[in-house]
Amino acid sequence: MAATPDKDSLAVSSCPKAVSEYSPIPTVHHSSNSIEPELLDPIASTFASDTASSAGSNAGGPPVSRQLLEEEDEEMAPAPRRELLHKDHFPIVFGGVKTQNYLDPLSKGPGSHTIRTLAWNPTGQLIATGSADRTLRIWNPERPHVRYSTELRGHTAGIEKALFNPVRDAELASCSADGTVRFWDVRSKTCVSRLDVGGEAFTLSWSADGSTMIVGKKDDTLIPISVRSPSSPTTHPDGVNALNLPSSTPGATTYTALDPHPQTVQTNATTFSWCMPTPERPEQHVFVTTGEGKVKIMSYPSFDIMHTLNAHTSACLSIALAPTGRYLAVGGSDALISLWDTTDWICRRTLSSENGGAIRGVSWSFDGRYIVGACDELGCGGNGLEIFHAESGDNVYTIPTAGINAGVSAVAWHPSRYWLAYSTTTDGPGSSSAGGLKIVGAAGGGL
């Protein structure tokens, strides 16, 4: 299963640095529209959101729709340092927290409002949901009622993927089967740019510095998008509420679709490495999953293939790089998640669920210790949503999911705390729930 790396491929692994099971996470202060010089270190940049304001810091605050429109500067104290959970303690602690449900009024019954994508913003104060019924909504995890959410309207077909800019809290990108990629200012509910990519777009990935996006279409074409702001990022004092900084407004930013890059094989998910480009090393690296069961490691912007991982025996569908940079997780249609060591590109272990089914999404906890996969096939969630410990491969906890016909369509760990967002599909006989967004930890319990 493991592929032998060539000399050139090792250059890719020189950027991420492994963080051991007991390594402390660096403390760096994060502002959504600033990149401090020390954050050019790939590991430090990964944990920029660790000390950012947590979702819990907004409890009792104004409704999301109002909060996002407020423009006054407001000082916020840095969030307390998070205690990292050892795997032996994880099931006890995680089992004691409560799950919050978020009900969308557009959900009329089972199968009517399937959420296909979830995305936290960099500070974890907001979470976006994109649905098959064209609904794109921004939720405040602390205020679950829909009146505290914000609906973004414009797409004319189902939302396939949504992602926040990793360095701008209020900037969201979404793509749809309507053939467009849209960029939003979530504070003003404004679509600040709309790009027609000439076909069904179903996947997105941002570069670590937010300057580049790659869009994947169902015709196996990759389209890079250049994101340029008229002013360079600036450093702000610790604890600044980035949502209220005028300079974080994406309205003046330009979005340009560059030359498309057709692929010769079925191309699925993509993700960038955590390395930020520098004048000395301007190239970036992109991981691309294929229908042949391979992962291509490509150089950007050339799209030259540097190395290929023979990852699975069937199609590779999803991919995620651990926040520590230690492992690359690949989900396949063979119901496996494989973990690849980025220092030598050897497959260290595979994770499998008792429920089986294709792994269409993978997500890492903020500390890189725990991983979870999403399978939207009916019955995949029947025995619960399994959380795995990356270093041992052990199943450390199973979240109960409702109904024997349930599937899990999307998963997303909070960027700085042990909250896990997921969505369920409940089509089929015996379904009694409309599914929707759920966040383990948001209803209380101390995580």
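## Buried charges

At 6% relative accessibility, D185 is classed as buried (under 20% relative accessible area; over 50% is exposed, and in between is partly exposed, using a 1.4 Å probe and protein chains only). R187 counts as buried too, at 2%. The side chains of D185 and R187 meet in a salt bridge, 3.0 Å from N to O. That label means a side-chain nitrogen of Lys or Arg within 4 Å of a carboxyl oxygen of Asp or Glu.

A quick word on what you're looking at: this is a predicted model, where local features need pLDDT of at least 70, side-chain atom pairs count only at pLDDT 80 or more, and totals for chains, interfaces and linings use all residues. Residues are numbered from 1 along each chain as its sequence is written, and side-chain values use heavy atoms, with hydrogens and water left out.

The salt-bridge count comes to 17. One of them links R137 and D104, with the closest N and O atoms 2.6 Å apart. R137 lies in strand β4 (residues 136–139) and D104 in the loop between β1 and β2, so this pair ties together parts that are 33 residues apart in sequence. (Strands here are DSSP runs of E, at least two residues, and helices are runs of H or I, at least four, numbered from the N terminus.) R137 is buried at 5%, and so is D104 at 7%.

Now for D376 and R360: their closest N and O atoms are 3.4 Å apart. D376 is partly exposed at 30%, and R360 is partly exposed at 48%. Elsewhere, shared partners join R326, D341, D344, R348 and E391 into one salt-bridge network.

## The nonpolar core

Nonpolar side chains tend to be buried together in soluble globular proteins. A nonpolar core here is a set of buried Ala, Val, Leu, Ile, Met, Phe, Trp, Tyr and Cys residues joined through side-chain atoms within 4.5 Å. The largest one has 34 residues, and F90, F94, I387, W413, L437 and I439 touch the most other members. Strand β27 gives the largest share, five residues.

What does I439 touch beyond its neighbours within four places in sequence? Its contacts (heavy atoms within 4.5 Å) include K98, Y102, W120, I127 and W419.

## An open sheet

Four strands line up as β1-β29-β28-β27 in an open sheet with antiparallel pairing. Two strands pair if DSSP finds at least two bridges between them. β1 (99–102) and β27 are the edge strands, each pairing on one side only. Six bridges join β27 to β28, and A412 has A421 in β28 as its bridge partner.
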